[in-house]
Amino acid sequence: MSAMSVLAPISGRRRRKDKVARALLLTATLIALVPLVLVIYYLLKRGLGAISWHFFTSDPTGAFIGDPGGIKSAILGTIEMVALATLISVPIGIGVALYLVEYGRDSKFASVVRYFVDVMTGVPSIVFGLFVYIVLVIGSLGSGYAAWKGAIALSLLMLPVITRSSEVVLLLVPDSLREAALALGAPRWRIVFRIVLPSALPGLVTGSLLAVARAAGETAPLLFTAAIVFGTSFNLSDRMNSMPIQIFNDVGQASDVLVQRAWGAALTLVVMVLLLTLVARLVARRSRFT
Amino acid sequence: MAVEATTTSMAGSGRSPLERPLRARFPDRLLRWVLTALAAGILLLIAFFFVRLIVEANPALSKFGVLHFAFDNDWDVSRSIYGALPLVVGTLITSAIALLIGVPIAVATAVYLTELAPRRVRGPLTVLVELLAAVPSVVYGLWGVFVLIPKLKPAEAWFGRTFDFIPFVGADVAGPNYFIAGLILAIMILPIVSAISREVLATVPVGDKEAALALGATRWEMIRIAVLPYSRAGITGAAMLGLGRAIGETIAVTLVIGNAPQIGGTIFEQGYTLAAVIANEFGEAANNPLHRAALIAAGLVLFVLTLLVNVLARAFVVRGQRKRAGGPAQGQAAIAAGGPPV
Amino acid sequence: MKSRILPTAFAAVALATGLAACGSDDNSSTSTSASSGSGDGGSVTATLNGAGSTFAAPIYQQVGSDLKGKGLTINYQGVGSGAGVSQFAAGTVDFAGSDPALTADDKASIKKGESIQIPFALGAITASYNLSGVKSGLKLDGKTLADIYLGKVKTWNDPEIKAQNSGADLPSTNITVVHRSDSSGTTKGFTGFLAAYSPEWKSGPGVDKDIKWPTGTGAKGNDGVAAAVKQTDNSIGYVEEAYALANGFTSASVKNKSGAYIAPTLDSTSAAGEGLTIPPDLGISAIDAPGKTAYPITSQTFIDTYRDPCKALAMKEGDAKAMGAFLKYMLGDGQNQLAQLKYAKLPSELLSKSQDAASGLTCNGSSIGA
């Protein structure tokens with residue numbers, strides 16, 4: 001009781017400062033959200049008009065006058081290339097993460113690998129595209145644009161992200177589980193495939209889905225590996241269209257219908273990415289360890 | 001700690017009951033070998049990456065000399081002269097604008113969300129801020145070209161006229177310019193700076209905060225005294241990660257910066273960045289080895305810049321995370337997972 | 001158990017898509033089949049990739065959509081004449097669209113084989129502007145345009161412009177100059193015209209696909225310049241006629257060599273093709289044509305390809321035949337499409353020379369041209 005009277009009451013000036021600071025911080029947070037609101041607003045305002053059944057089922061025609069066509073080849077192209085990139089980067093990424101967790105917790109080699117994978121997450125995606133361009137498109141190993149080369153560039157982008165997030169998830173699997181299994185006589189490989197991976201699965205899926213969402217939106221790596229093409233193609237050794245490239249191409253146009261197609265495609269892409277992110281979060285919530 | 005695989009065998013083999021038959025150890029060896037090979041493969045890939053970039057960039061670097069390439073103010077494709085100073089300056093200017101605008105807001109957002117937000121609002125607001133990262137870079141570019149540029153032009157012109165005594169501010173507003181590029185970059189780095197800052201702020205010992213409050217500090221004073229000083233290193237690291245992002249961003253920037261190989265006199269003039277020049281000119285350079293080498297050299301400069309910034313950033317963030325139970329992995333995981341599309 | 005379904009389903013979908021994508025090589029779009037089920041026995045199913053001039057992009061795209069019904073897919077990317085020739089020489093595309101003729105340097109850089117350039121159309125490079133209150137053709141001459149692009153003429157009501165347009169109500173606003181930021185044949189044509197009337201331009205920025213612009217904002221492609229002019233008040237930019245029309249621009253009437261102010265129309269563009277000197281490699285230039293009714297900033301446009309694409313690009317015979325068919329169409333029935341896009345046909349003498357060049361196409365020595 002007496003201690004309370006020793007403490008000086010908070011002066012009006014300090015109280016005001018507190019209120020002002022709080023208000024400023026709240027305002028800053030709201031300011032941070034303004035771009036999000038504006039982007040979504042304009043996507044809907046200018047993109048919804050382009051959306052139609054025709055939009056999703058026809059290829060861009062490239063015709064200068066008349067029907068600009070839809071974005072079918074772009075959607076399919078993105079799905080194909082991202083799927084291939086996922087097939088490449090997810091097993092390798094999880095594999096490297098497994099190495100770091102199961103065999104490399106103390107080793108110097110593993111910390112070097114970990115460090116460089118970390119460093120790779122910061123590399124701009126255009127540098128990856130450039131690298132694939134040098135080595136695979138105009139280099140001695142091959143020539144010409146091809147969808148699989150674009151997929152490789154995307155997988156280079158996804159790889160460090162998947163590795164790091166998988167490592168975090170795998171570390172969360174309690175060692176007690178591993179030790180119990182070892183004590184019961186289980187060999188290492190069985191522990192990995194029957195205990196560690198299944199327990200970490202939701203987290204691994206989340207990490208992979210987030211990487212997929214990111215790759216789906218990437219333009220730079222595809223600029224000089226898969227190029228642009230109007231027709232739908234299922235041939236991975238040929239050029240292939242993709243959503244970000246289609247949008248990038250349509251942005252600089254003066255024709256209103258092409259610009260509207262860009263907005264429609266942007267809306268579709270954002271919805272795709274948001275869905276993937278949402279699914280990733282839902283899966284994460286089911287994880288036993290996060 | 002990794003426990004080595006010396007286990008009891010269920011099937012007796014006549015030898016020590018603790019020994020497993022050679023045949024059964026093979027899958028273990030195979031697994032270990034495959035995984036180690038993968039990890040080593042990553043290192044080899046990175047080394048190959050670096051070496052190949054240097055080799056391909058060499059024609060340009062050796063012709064102009066590294067210093068001249070990086071610091072000559074003349075990027076003239078038609079005369080085959082490649083001095084990258086306008087690009088480097090453009091990259092730095094747009095990143096500086098991005099940091100000046102984006103970091104204070106991101107940190108303020110992080111502080112609000114960790115210290116002041118009512119519990120029920122915290123989750124949804126956090127998700128909303130992170131959604132900024134889900135928007136692909138080309139969509140930001142599209143929005144920048146058709147919304148930001150036209151809508152902000154009058155305001156930019158007014159600002160330029162009223163404040164033209166400030167250096168680098170002028171009334172002549174090009175449509176796409178440094179400022180718009182910097183603004184969009186600020187929006188793009190916001191989620192990552194905010195996410196890392198939130199991680200860092202969460203590690204402040206509760207005891208410190210409660211002590212400040214117990215001594216009669218207001219909420220803001222508590223933040224000022226107990227939270228911010230503690231998190232300084234980590235927040236600096238977060239800002240540097242944002243810088244790394246800003247330096248490497250290509251598509252959104254190339255759509256709104258005007259792609260002019262000059263050093264603009266004001267922030268409302270057009271410019272160019274290292275990343276944008278690669279995206280724009282590689283097509284022309286397909287058969288021009290010197291031009292191609294110059295673009296790859298620009299890519300190399302970009303690569304080295306982002307590497308340096310990221311290495312420094314991680315050092316800061318790890319230092320700020322040292323006291324957390326989970327160790328550095330938690331903070332670095334946030335870094336890894338927080339990468340938005342470029 | 002529920003948590004296992006989602007990831008498993010995802011993995012299954014990814015796997016299935018991947019397998020489907022990988023295993024469909026027999027669906028190769030570059031396969032040739034003389035008897036594909038898509039119609040008459042003579043149709044070719046092939047894909048040709050090209051890149052280059054945005055000046056001529058509307059034609060390639062229109063032709064592309066005409067030929068698609070006949071089994072020939074043309075993928076053309078408008079990246080600018082400079083990039084087009086560069087990619088052609090590097091072997092990443094089968095043909096290039098280039099407005100300026102190939103220079104000696106260009107030819108030297110094309111090492112894969114002997115290249116041929118085939119002119120097939122003429123188009124007008126308009127000086128289009130976005131000026132409220134001035135709805136019909138401003139009159140400008142070469143020197144004034146050069147001074148605008150040099151930054152010497154800064155406002156719309158400058159005496160130089162006023163002198164040629166006594167009736168017009170010119171505002172005092174600043175001129176926003178728009179030019180190309182990429183390597184462009186349209187730029188070379190436009191700067192060629194400027195250099196003919198402005199010694200200061202000739203000795204300064206000069207004539208090339210990619211120059212150092214004294215002033216103005218840059219945009220990529222004809223489409224980019226058109227977009228910039230459309231979105232910026234009081235701006236001026238040089239774009240091909242098709243783009244100006246598609247966006248409802250007002251274009252200046254430009255003073256030609258004979259002293260008359262000529263608006264860019266189909267007739268004045270055709271007139272620029274009269275009396276052209278035709279060098280043996282067909283490398284014509286229609287800029288600053290002498291005709292009385294000729295539009296002075298008329299540019300030609302070429303398709304550049306290899307005389308023997310099979311040897312130079314390791315093309316299959318079917319694709320090379322498709323190239324022959326494509327060229328034949330461009331120089332034959334395709335010429336009827338030009339008018340609606342407001343490009344002018346070549347004068348008949350030049351057209352038949354182009355057709356001769358196209359019929360000289362060979363595949364590993366044996367003739368395939370039509």
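This is a predicted model: local features need pLDDT of at least 70, side-chain atom pairs count only at pLDDT 80 or more; totals for chains, interfaces and linings use all residues.

Me: How many residues does the contact take from chain B and from chain A?

Reply: Chain B puts in 87 residues and chain A 92 residues. About 8,300 Å² gets buried between chain B and chain A, with 77% of that area coming from carbon and sulfur atoms.

Me: And how many salt bridges between chain B and chain A?

Reply: There are 3 salt bridges between them. One of them pairs B:Arg314 with A:Asp118, where the closest N and O atoms sit 3.3 Å apart. Polar contacts between chain B and chain A come to 9 residue pairs, both residues at pLDDT 80 or more.

Me: Which part of chain B gives the largest share of the side that touches chain A?

Reply: That's helix α1 of chain B (residues 22–64), with 18 residues. By class, the side of chain B touching chain A has 62 nonpolar, 14 polar and 11 charged residues.

Me: OK, new topic. How many disulfides over all chains?

Reply: The count is 1. This disulfide joins C:Cys310 to C:Cys363, S to S 1.9 Å. The link is left-handed, with -105° about the S-S bond.

Me: Where do C:Cys310 and C:Cys363 lie in chain C?

Reply: C:Cys310 is in helix α12 (residues 309–313) and C:Cys363 in strand β13 (residues 362–363), so the bond ties together parts 53 residues apart in sequence.

Me: Is C:Cys310 buried or exposed?

Reply: Buried, at 6% relative accessible area. C:Cys363 counts as buried too, at 6% relative accessibility.

Notes: Residues are numbered from 1 along each chain as its sequence is written. Chains are lettered from A and ligands numbered from 1 in the order in which they are written. Side-chain values use heavy atoms; hydrogens and water are left out. Contact means heavy atoms within 4.5 Å. Buried area is the accessible area (1.4 Å probe) that two parts lose on being put together, summed over both. A salt bridge is a side-chain nitrogen of Lys or Arg within 4 Å of a carboxyl oxygen of Asp or Glu. A polar contact is a pair of N or O atoms within 3.5 Å; within protein, one must be able to donate a hydrogen and the other to accept it, and residues adjacent in sequence count only if both atoms are side-chain atoms. Helices (H or I, at least four residues) and strands (E, at least two) are DSSP runs, numbered from the N terminus. Ala, Val, Leu, Ile, Met, Phe, Trp, Tyr, Cys and Pro count as nonpolar, Asp, Glu, Lys and Arg as charged, and the others, Gly among them, as polar. A disulfide is a pair of cysteine sulfur atoms within 2.5 Å. Buried means under 20% relative accessible area, exposed over 50%, partly exposed in between (1.4 Å probe, protein chains only).
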